[in-house]
Amino acid sequence: MKKGIAASKGYAIGKVFIKEDLEIEVIEKTIEDIDAEKKRFESALKETRTQLEEIKAKALKEVGEEKAAVFDSHMMLLDDPEFTGAVSSNIENNKVNGEKALQDVIDMYSAIFASMEDEYMRERGADVKDVGKRIMINLLGKAGSMMDNLDENTVVVATDLTPSDTAQLDKTKVIAFLTNIGGRTSHSAIMARTLEIPAIVGMKDITTSVKNGDSIIVDGAEGIAIINPDDATIKEYEKRKAKFQEELEELKKLISVETHTKDGRRVEVCGNIGKPQDVNQVLENGGEGIGLFRTEFLYMDRDVMPTEDEQFESYKYVTEKMGERPVVIRTLDIGGDKKLPYLPLPEEMNPFLGYRAIRLCLDKKEEIFKIQLRALLRASAFGNLKIMFPMISSLEEFLEAKEVLKECMDELRKEGKDFNENVDTGIMVEIPAAAVCADEIAKHVDFFSIGTNDLIQYTLAADRMNEKVSYLYNPMHPAVLRLIKMTIDAAHKEGKWCGMCGEMAGDEVAIPTLVEYGLDEHSMSASSILTAKKIILEK
Ligand code: PEP
Ligand code: MG
């Protein structure tokens, strides 16, 4: 039995798949035996073809012909003289190793396609990158890092999963995951709760404690994994799993119940989302609004920045789906543990204290920030959309962001495009400085949302990703509680509302205290909403 940090509730009984770490480091080498190097490249192509055929066969069965066709175009690329042929020529002409020859060709095509206006052509660029990456992984002998050909009932075991790894997990195959590193509020843990699959993080050495194909039980409530369990244990966990399902069914009675405390105070229970489609899960779980849309997920898993129109469609979709209910959309919070493949950021000693979120947006107003703000403003015409800025550390920063928003409003007005002139703007209170100065800032914002995931790590100087200091990462530490109380009081003094969108908002132990403090809105992973409603209704 192995223990870790319980990151997402539920039980799973399945088979282990160990996801190898993927580090693509291309080192240029001079090649003597050109024929042998070309052969090595060709066998990577052959391996790639076999994998693609398998994936295509699975896709045909599961998602139909139309979606499976994409793999045909990928396979065609393997024979394309302009692509793989160019790699062979590059090996021959420049006497370089396959990896370097391939990388050059991928880079060349990526640059050409990325500069094209046409959406279809840009997608072809993405195909080249996709196939190129697969060939590269095979060349480097890292096929175990790919998660696209998994069997049903797979429990993924990895050193760590990046937010984009988790965003790609196929819920029809992956029933749980376990990682060596990470804490309860690392983004992979948050994603597990969004996916509603059990997960345990911070297991330290789980990758070396299991083998591929081992059977395994994951108890996401206790943070326990049982490797190769006996029949009696499997039976016991099947029972627990069934009971868990029953309790979930019981909670579903609260889906359309409006949340009030016993003495009649309205408290909104909302959902956090990362992708537009997640809004459906929030509604299915009785969410009364969206308290946090982490827009950075729109920017991940792609090769270029999403355009204003693409973003507008996503924000409009969520806003319309929620009708009159509030939708708080946070501007891009990239940096920290969230990276974009097409936006290289310098390596930093302390990424969580570095160049991220609003700092980066204010630095890249034209290329990034204004595009998003224009899309948000345009979507504000379709419902109850509110704009929230992350990582605000001072009033000046908020006012600067508002200035940029005003510029965007002026532009849209000139262009005759609709938007809500009175769109609400607020900030995440996730840096202690913002909590301490909340009285001052409250005069200027429409709302606060307390981001405890970061607030706790900054207040207690305990990295939210590091399992070694997770014992210090305590939401109920008096210093954290005081900052929360100060923030809520400061908002109320100015007649503003205060919510919370960090994981603490859905923490069963913390909820009663937060309700006592007068928190107006709790926003959390969809899977926590019904339990939170129950606790508040009984309070
Ligand atoms: C937070 O910091 O509490 C928060 C909600 O933002 P994120 O988890 O995306 O950093
Ligand atoms: Mg945060």
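Start by selecting R294, which is buried, with a relative accessible area of 5%. Buried here means under 20% relative accessible area, exposed means over 50%, and partly exposed is in between, using a 1.4 Å probe and protein chains only. Before you go on, know that this is a predicted model, in which local features need pLDDT of at least 70 and side-chain atom pairs count only at pLDDT 80 or more, while totals for chains, interfaces and linings use all residues. Residues are numbered from 1 along each chain as its sequence is written, chains are lettered from A and ligands numbered from 1 in the order in which they are written, and side-chain values use heavy atoms, with hydrogens and water left out.

**Around R294**

R294 sits in strand β10 (residues 290–294). Helices (H or I, at least four residues) and strands (E, at least two) are DSSP runs, numbered from the N terminus. Now show what surrounds R294: setting aside neighbours within four places in sequence, R294 is in contact with H187, I190, N272, I273, G274, R330 and N453. Contact means heavy atoms within 4.5 Å.

**Helix α7**

Next, select helix α7 (residues 187–195), where nine of the nine residues are buried. Among them are H187, I190, R193 and T194. Step one residue past the helix and you reach E196, whose phi is positive, near 60°.

From here, jump to S525, in the loop between β16 (521–524) and α21 (529–537). S525 is buried, with a relative accessible area of 1%. Which residues does S525 touch, not counting those up to four places away in sequence? They are I190, R193, T194, N272 and E503.

Follow the chain past α18 to A461, in the loop between α18 and α19 (478–493). A461 is exposed, with a relative accessible area of 69%. Phi of A461 is near 50°, a positive value in a residue other than glycine.

**Aromatic rings**

Colour Phe, Tyr and Trp. Rings of these residues (for Trp, the six-membered ring) pair if their centres lie within 6.5 Å; planes under 30 degrees apart count as stacked, over 60 as edge-to-face and the rest as tilted. The count comes to eight aromatic pairs by this rule. Zoom in on F447 and W497: their ring centres are 4.8 Å apart and their planes are at 5°, so the pair is stacked. F447 belongs to strand β14 (residues 447–450) and W497 to strand β15 (residues 497–500), so the pair ties together parts 50 residues apart in sequence. F447 is buried, at 0% relative accessibility, whereas W497 is partly exposed, at 24%. For another aromatic stop, select Y11, Y237 and F244, which form one cluster.

**Two helices crossing**

Now show helix α12 (residues 308–321) and helix α14 (residues 365–379), whose axes come within 8 Å and cross at roughly 40°. The contact involves E308, D309, Q311, F312, Y315, K316 and T319 of α12, and I371, Q372, R374, A375, L376, R378 and A379 of α14.

**Last stops**

Select V327, in strand β11 (residues 327–330). V327 counts as buried, at 0% relative accessibility. Leaving out neighbours within four places in sequence, V327 is in contact with I290, V318, T319, M322, N384, L385 and K386.

Finish at N153, in the loop between α5 (119–139) and β4 (154–158). N153 is partly exposed, at 42% relative accessibility, and has a positive phi of about 60° although it is not a glycine.

Note on methods:
Axes are lines fitted to C-alpha atoms, for helices over the stretch in contact, and angles run from 0 to 180 degrees between N-to-C directions.
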